[in-house]
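Please look through the sequence and the coordinates shown below before reading on. The paragraphs that follow take the contacts between parts one at a time and then turn to the charged pairs.

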Amino acid sequence: MRRPDAAVEAPSVADVPYRAFTPERRDPTTTARRLKLFAHYSVMVVCAAALVGPFLWMVLASLKTDADIRTLPPSVVPNPITGENYSRVVDAFPFWRFARNSLVVSVVSTVLQLVTATTAAYAFARIEFKGRGVVFGFYLATMMIPLQVIIVPLFIEMRNLHLVDSFAGLILPTIVSSFGTFLMRQAFSALPRELDEAAFIDGAGHFRVFARVLLPLVGPALATFAVFAFMSTWNSFIWPLVITQASDHHVTLPAGLSRLNGRFSTDWNVVMAGSVMTIIPILAFYLVTQRWVIRSVAFTGLKS
Amino acid sequence: MVGVRGWRKAAVVVAFLGPSLICLLAFSIGPMVGTLWTSLQEWNLIRPSRFIGLGNYRELWHDEDFRRALRNTVYYLVGYLPLVTVGGLGLALLVNQKVRGVALFRALYFLPVVTSWVVVSLLWKWLLNPNSGVVNWLLAKVGIEGIGWWTSREWAMPSVIIASAWKDVGFVMVILLAGLQSIPESLYEAALLDGAGPWQKLRRVTIPLLTPSLFFVAVISLINGFQVFDQVWVMTEGGPAGSSTVVVEQIVKNTFTYGRAGYASAQSVVLFVIILAVTAFQLRLQKRWVFYASS
Amino acid sequence: MHTRTRAIAALASTLMTGGAVGASAASASAEDVSISYFTFSAAPDHLEDLDAIVEAFEAENLTITIEVQTAAYDDYFTSLQTQIAGGSAPDTFELNYENFVTYARSGALLDIGEYVADPDRYYALALEGFSDDRVQYGLPMTFSDVVLIYNKDLFDAAGLDYPTADWTWEDEQAAAEALTDAETGVFGDFQPISFFEFYKALQQAGGTFFDEDGQAMFNSAEGLAAAEWLTSKPGTVMPTLADIGGTPDFDTSLFQSGQLAMWHNGIWQFTGLNESGVNYDIVVEPGSVQSANAVFMNGAVVSEATDHPAEAAAWISFLAGSETTVDTRLASSWELPAVNDDAAFASYLEITPPENRQAVFDALDNIALPPVIERQQEMQDAVTQALESIVADGTDPQEALDNAVDEVNGLI
């Protein structure tokens with residue numbers, strides 16, 4: 001393991017508060033430390049306030065009545081507060097069926113994406129083979145054409161495969177994530193080769209090195225990828241709209257929610273209620289994976 | 001000569017890469033080839049297509065709207081990339097501490113990423129309202145007046161840039177956070193023993209070991225940035241009067257609104273070539289500045 | 001639900017004829033045909049109304065099942081075009097007048113002339129609107145028109161007379177200026193800056209969009225007058241883009257909260273206005289040299305690629321012209337059926353507000369139909385952008401119109 005260059009300074013009194021502020025050696029009794037903590041929290045709270053605005057606005061809008069959402073200038077606080085928009089969303093279309101479809105598609109797709117991305121990334125990061133760069137280039141290249149352009153040829157292909165209006169038609173085009181493959185490749189590349197070599201010497205084959213040695217060490221990247229995979233599949237709109245148009249059997253939630261948009265005017269309070277309901281599963285998934293990451297990072301100790 | 005080891009390695013490569021590559025060829029590369037074929041046709045989607053060779057490309061060469069869209073897209077990237085990278089790095093460093101409640105803050109910073117562009121654009125149009133918005137009110141306090149933001153030609157694109165950077169900063173934060181969490185503690189301890197302060201730790205330990213993640217962010221942001229669409233469609237609709245049009249907006253309009261799928265395919269091919277060239281350049285540069293612990 | 005209706009109907013007919021139940025059931029399942037229908041006007045508010053029409057049709061036609069597919073208008077054409085491109089077009093679908101020509105000339109629609117049993121059932125202009133080159137490709141389902149909607153309370157408070165059908169642009173301008181009050185945030189007038197208002201204003205000024213040879217000529221003196229009429233409003237009697245602030249449906253909110261005196265919009269707004277309780281009425285839009293009113297139509301068409309042309313045509317005939325449809329639409333204010341049936345509309349005229357519902361039909365005396373070419377959307381965008389640049393950039397109106405004319409002529 002290469003040691004990065006470190007500036008060599010003679011330790012001095014001035015260094016003491018900084019050194020002591022490292023997370024694992026905090027002494028909470030000093031005022032300076034408390035001030036630092038306070039400053040830290042203040043910055044975090046200011047950033048949170050700056051970033052949480054639209055979500056709050058969304059929730060407030062979803063609690064407004066039809067008359068309230070139309071008042072000008074727009075009011076911030078709903079008056080009166082009503083929860084009826086949420087039931088209106090559920091009644092407007094087969095909400096639970098669409099939500100179930102979304103869940104099935106997102107979960108299956110995320111799992112398959114994790115499998116294909118990690119295995120392919122291992123090949124790109126750890127196995128030297130001819131044409132590796134070119135093949136990796138293909139992966140990157142597939143991210144360079146906008147989805148809207150692809151859907152017509154892809155739809156024609158699905159039609160020929162008789163997969164229109166089916167779960168397979170919804171899931172198959174999403175299985176390979178170039179984004180995820182690239183992310184995992186970077187994660188694997190950051191791990192030292194000595195780990196592989198030690199395992200090979202012990203008689204392990206590639207699969208064991210992949211599954212037992214390297215994979216456990218890329219927890220944070222894996223969790224990050226899982227969140228993005230879930231989020232993008234859950235929110236994806238244009239492909240599910242087109243592939244499931246023929247009936248209401250496989251329609252997913254975003255396509256269902258789009259039906260709330262009127263041609264000349266829309267009930268925005270209802271649309272916002274739908275949006276809030278859509279965000280909840282993603283946030284829940286994100287929180288769960290974050291807790292898993294924190295725990296797994298502590299467990300592996302990040303010690304090489 | 002391919003011996004037993006050669007075949008075995010080939011088998012391993014096929015096992016690891018096979019399923020992924022097959023799906024890629026079937027569901028990504030295949031349709032891309034279809035797009036290339038369509039770019040040589042005239043097609044409104046609802047009648048059979050007509051082969052016109054390079055006619056679309058010839059028209060594209062003289063298309064002033066497309067050139068403007070390309071300029072706007074580059075303008076977007078130049079503004080957006082630094083903002084979102086620095087912001088994301090700042091947030092990641094901020095939340096990579098074991099202080100109480102940090103998980104909550106991580107979730108809050110991620111909220112804009114999961115919120116739809118419809119909602120985010122409403123908020124930013126309100127904030128950036130030239131007459132009654134908070135931003136112009138603050139600017140007036142320091143003596144800056146007259147910025148029309150999304151209602152004016154000059155400031156429409158910057159409005160989109162600011163809103164996009166704000167929305168995506170959580171996305172970059174999550175990726176860089178994963179990178180930060182993979183940096184072994186032992187390195188920080190070693191730096192500490194050498195007497196490094198926090199600024200030195202950042203420069204000598206954190207940043208170098210974060211370069212694989214930073215490289216990832218740079219490549220992905222560039223590829224995605226060239227294809228910016230949703231925010232322009234929702235916030236400005238390419239206006240006012242076409243001043244904030246971007247490439248994918250032209251492509252989508254041509255495909256589904258104007259019934260010129262062949263022409264739009266030609267535009268996609270040109271965009272693809274540009275992104276490919278830029279990314280290839282970035283990949284070559286990576287030897288200069290990206291530090292992989294495994295090498 | 002549909003199966004139960006069919007079963008009951010089958011049972012009832014069996015009892016009445018005394019025939020064998022087994023025989024009826026067998027024939028019902030042997031030739032079952034399923035017809036798909038894709039529509040943008042049902043969601044979100046009228047899904048039940050459409051279900052009622054479907055049920056009535058299926059009760060009369062036991063071997064046909066209708067599969068309804070819906071999408072929001074903004075997403076509809078993306079999905080429809082992809083389906084057609086992929087070879088899985090719906091059997092029947094909805095089209096609006098402006099987009100109809102493109103589909104007809106691209107060979108995507110079936111000639112249904114032989115299936116139209118009673119052409120006089122439909123309003124003549126509407127029926128013609130869904131034919132191309134004398135071939136009948138679709139049936140008109142609904143029409144709606146644009147009127148001047150005004151706030152009676154604001155007029156009363158200012159002591160002004162209500163608008164009448166004889167008003168001209170000058171009268172409207174004078175009233176708008178008198179009613180605009182920057183301090184209270186009340187605006188006098190709202191007319192969107194778009195292609196759809198322009199071709200109508202052009203006709204009101206006495207001009208025409210295309211000349212006899214089909215070349216664009218809207219940069220005439222009349223065109224200039226129309227452009228200036230439309231673009232003079234924002235910032236004086238009408239909110240500017242910044243005032244609107246990106247709030248969606250701003251004009252609807254403005255009128256419903258009683259802060260807009262006059263509003264150029266369509267009759268589809270009535271339901272929302274009635275719910276909001278604002279005190280309003282309508283009148284035929286003021287003209288200039290002459291009166292001209294925008295009329296919009298939606299129709300149902302049959303796909304060229306359908307396997308069941310007769311059944312599909314039977315469905316759209318029922319959908320467009322049956323008594324059930326007319327009653328259902330009028331009862332729930334789901335657009336106006338395009339039928340030649342004054343008696344049916346009597347019930348519509350009795351619903352108030354607005355008092356002056358007769359204006360909806362008076363407007364049909366002077367119709368301004370949208371100019372239509374095959375590259376329709378590009379033409380619409382060219383005109384709208386020309387008008388927007390006059391407002392946003394201060395481009396000289398004559399220059400903007402000249403450029404737009406050149407662009408449109410390049411599209412033909």
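This is a predicted model: local features need pLDDT of at least 70, side-chain atom pairs count only at pLDDT 80 or more; totals for chains, interfaces and linings use all residues.

Between them, the two domains of chain C bury about 1500 Å², with 68% of it on carbon and sulfur atoms. On the side of domain 1 of chain C, E98(C), F296(C) and P354(C) supply 42% of the area buried against domain 2 of chain C, more than any other three residues.

The contact between chain B and chain A can be read in the same way. Here 88 residues of chain B are in contact with 100 residues of chain A, and the area buried between these chains is about 8600 Å², of which carbon and sulfur atoms give 75%. The residues of chain B that lose the most area to chain A are F16(B), F27(B) and F216(B), which together account for 9% of what the chain B side buries. Between chain B and chain A the count is 0 salt bridges, while 11 residue pairs, both partners at pLDDT 80 or more, are in polar contact across the interface. Helix α1 of chain B (residues 4-38) provides the largest share of the side that touches chain A, namely 16 residues, and the residues of that side of chain B divide into 65 nonpolar, 14 polar and 9 charged.

Salt bridges are found elsewhere, and over all chains the structure holds 22 of them. One of these joins R47(B) to E374(C), with the closest N and O atoms 3.2 Å apart; the pair crosses between chains, from the loop between β1 (41-42) and β2 (50-51) of chain B to the loop between β12 (367-368) and α18 (376-393) of chain C. R47(B) is partly exposed, at a relative accessible area of 26%, and E374(C) also counts as partly exposed, at 32%.

Within chain B, R71(B) forms a salt bridge with E64(B) at 3.7 Å between the closest N and O atoms, and here R71(B) is partly exposed at 48% relative accessibility, as is E64(B) at 41%.

In chain C, is the salt-bridge partner K233(C) buried or exposed? K233(C) pairs with E172(C), the closest N and O atoms being 3.1 Å apart. Because K233(C) lies in the loop between α10 (221-231) and α11 (241-244) of chain C and E172(C) in helix α8 (residues 169-179), the pair ties together parts that are 61 residues apart in sequence. K233(C) is buried, with a relative accessible area of 0%, and E172(C) is likewise buried at 0%. In chain A, salt bridges that share partners join D66(A), E84(A), R88(A) and D267(A) into one network.

Terms used:
Residues are numbered from 1 along each chain as its sequence is written. Chains are lettered from A and ligands numbered from 1 in the order in which they are written. Side-chain values use heavy atoms; hydrogens and water are left out. Buried area is the accessible area (1.4 Å probe) that two parts lose on being put together, summed over both. Contact means heavy atoms within 4.5 Å. A salt bridge is a side-chain nitrogen of Lys or Arg within 4 Å of a carboxyl oxygen of Asp or Glu. A polar contact is a pair of N or O atoms within 3.5 Å; within protein, one must be able to donate a hydrogen and the other to accept it, and residues adjacent in sequence count only if both atoms are side-chain atoms. Helices (H or I, at least four residues) and strands (E, at least two) are DSSP runs, numbered from the N terminus. Ala, Val, Leu, Ile, Met, Phe, Trp, Tyr, Cys and Pro count as nonpolar, Asp, Glu, Lys and Arg as charged, and the others, Gly among them, as polar. Buried means under 20% relative accessible area, exposed over 50%, partly exposed in between (1.4 Å probe, protein chains only).
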